[in-house]
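Me: I have a new structure open and would like to go through it piece by piece. Can we start with one loop and work outwards?

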Amino acid sequence: MKPVAPGTVIFHRYRGYGVVTSVNLMTGWVSARFGGEGRTLDLNLSCDQVQHADGEPIRFRRTSPDRMPHGRIMAMMRELHKAGYERLYLYSWPKPSGLHWRWHLFTGPRHWMQRSWREGWYGSGAEYNLNPVLGWGDAPGASTHDLLSALAKFDPQGLAQALGRDEDHTKWFAMVCDALLPDYTFSLGWDQHDGPRPQHLPVIPLRRNVPAYNGPALPWPPGWHRLWSSQTAVANTAGGDKRSVKGTDRADAPSDADR
């Protein structure tokens with residue numbers, strides 16, 4: 001299915017040609033303006049009366065779009081790893097509501113907790129399903145090659161920091177991509193109300209109507225277990241109880257919640 005985003009030209013059975021002004025990929029509702037009308041009209045993409053300008057039907061329920069960009073980011077990262085940019089990492093974790101997942105690309109040293117933040121290198125599914133772009137000059141539905149080309153033009157200095165070898169992570173990431181794409185992605189966070197950190201990497205679907213994941217159990221990224229074990233040792237040395245350790249066994253740092 002072609003991407004649907006603000007600015008997409010559509011054809012309505014009764015109103016004619018119009019332009020989408022806002023979209024929600026979770027619900028399938030869009031607002032569109034037709035002709036010289038000053039007010040927008042709310043439409044549901046699941047209705048057969050809405051088509052692309054060239055007549056291609058919008059089958060929102062039959063071929064649901066990705067609600068978040070994580071799958072596209074993973075495909076782009078894999079290509080960059082092949083090109084020698086192995087020090088490029090993806091951190092993904094849920095928002096407190098559990099409805100959306102954040103994403104954060106970072107480069108340089110593989111420090112999962114002390115990650116470097118660069119403008120345009122992070123976002124949320126909550127933003128993506130209203131405007132399906134990554135935010136570095138890419139177009140909705142851009143191919144993997146176009147996506148990485150746009151990133152290279154947007155921040156060449158930042159991407160240059162990803163040059164280098166990290167064979168352990170690259171091998172792990174390729175295995176995860178083979179198992180999950182194109183229907184699933186991973187999360188490095190979990191709901192602590194469900195208990196301690198899961199034994200295997202949490203897997204989440206990229207769109208609705210995707211069957212439950214039944215592939216191989218995936219390990220956490222290289223260095224992840226050592227990260228938490230070292231924090232536990234520090235907490236025990238400091239006299240911290242298990243509850244305080246569990247409080248730090250969280251995938252997102254407090255400052256991340258505001259980003």
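Reply: Asn-209 sits in the loop between β10 (203-205) and α6. Helices (H or I, at least four residues) and strands (E, at least two) are DSSP runs, numbered from the N terminus. This is a predicted model, where local features need pLDDT of at least 70, side-chain atom pairs count only at pLDDT 80 or more, and totals for chains, interfaces and linings use all residues. Residues are numbered from 1 along each chain as its sequence is written, and side-chain values use heavy atoms, with hydrogens and water left out.

Me: Is Asn-209 buried or exposed?

Reply: Asn-209 counts as exposed because its relative accessibility is 63%. The cut-offs are under 20% relative accessible area for buried and over 50% for exposed, with partly exposed in between (1.4 Å probe, protein chains only).

Me: What is phi of Asn-209?

Reply: Phi of Asn-209 is near 65°, a positive value in a residue other than glycine. Most residues other than glycine have a negative phi, and most peptide bonds are trans.

Me: Which peptide bond is cis?

Reply: The bond from Leu-181 to Pro-182 is cis, with omega near 10°. Pro-182 is in the loop between α5 (167-180) and β9 (184-186).

Me: Stepping back, how many helices and strands does the chain have?

Reply: The chain has 7 helices and 10 strands. It has 259 residues, and buried residues make up 43% of them. Among contacts between residues at least 6 apart in sequence, 57% join residues at least 24 apart. Contact here means heavy atoms within 4.5 Å.

Me: On to the rings. How many aromatic pairs are there?

Reply: The structure holds 14 aromatic pairs. Rings of Phe, Tyr and Trp (its six-membered ring) pair if their centres lie within 6.5 Å; planes under 30 degrees apart count as stacked, over 60 as edge-to-face and the rest as tilted. For Tyr-91 and Trp-224, the ring centres are 6.3 Å apart and the planes are at 45°, so this pair is tilted.

Me: Where do Tyr-91 and Trp-224 lie in the chain?

Reply: Tyr-91 is in strand β6 (residues 88-94) and Trp-224 is in helix α6 (residues 224-237). They are 133 residues apart, and the pair links distant parts of the chain. Tyr-91 counts as buried because its relative accessibility is 0%, and Trp-224 is buried at 0% too.

Me: And how are Trp-117 and Tyr-122 paired?

Reply: Trp-117 and Tyr-122 form an edge-to-face pair, 4.9 Å centre to centre with 80° between the planes. Trp-117 is partly exposed, with a relative accessible area of 24%. Tyr-122 is partly exposed as well, with a relative accessible area of 24%.

Me: Which residues form the aromatic cluster?

Reply: Tyr-89, Tyr-91, Trp-93, Phe-106, Trp-112, Trp-220 and Trp-224 form one cluster.

Me: What lies over the face of Tyr-91?

Reply: Arg-115 does, at 3.8 Å from the ring centre. Arg-197 lies over the face of Trp-220, at 5.6 Å from the ring centre. A charge sits over a ring if NZ of Lys or CZ of Arg is within 6 Å of the ring centre and within 35 degrees of the ring normal.

Me: New topic, Gln-49. Where is it found?

Reply: Gln-49 is in the loop between β4 (41-44) and β5 (50-52). Gln-49 counts as partly exposed, at 26% relative accessibility.

Me: What is Gln-49 in contact with?

Reply: Leaving aside neighbours within four places in sequence, Gln-49 is in contact with Phe-11, His-12, Arg-13 and Tyr-14.

Me: Last one. Where is Leu-130?

Reply: Leu-130 is in the loop between α2 (125-128) and α3 (144-154). Leu-130 is partly exposed, with a relative accessible area of 44%. Beyond residues up to four places away in sequence, Leu-130 touches Pro-6, Val-23 and Asn-24.
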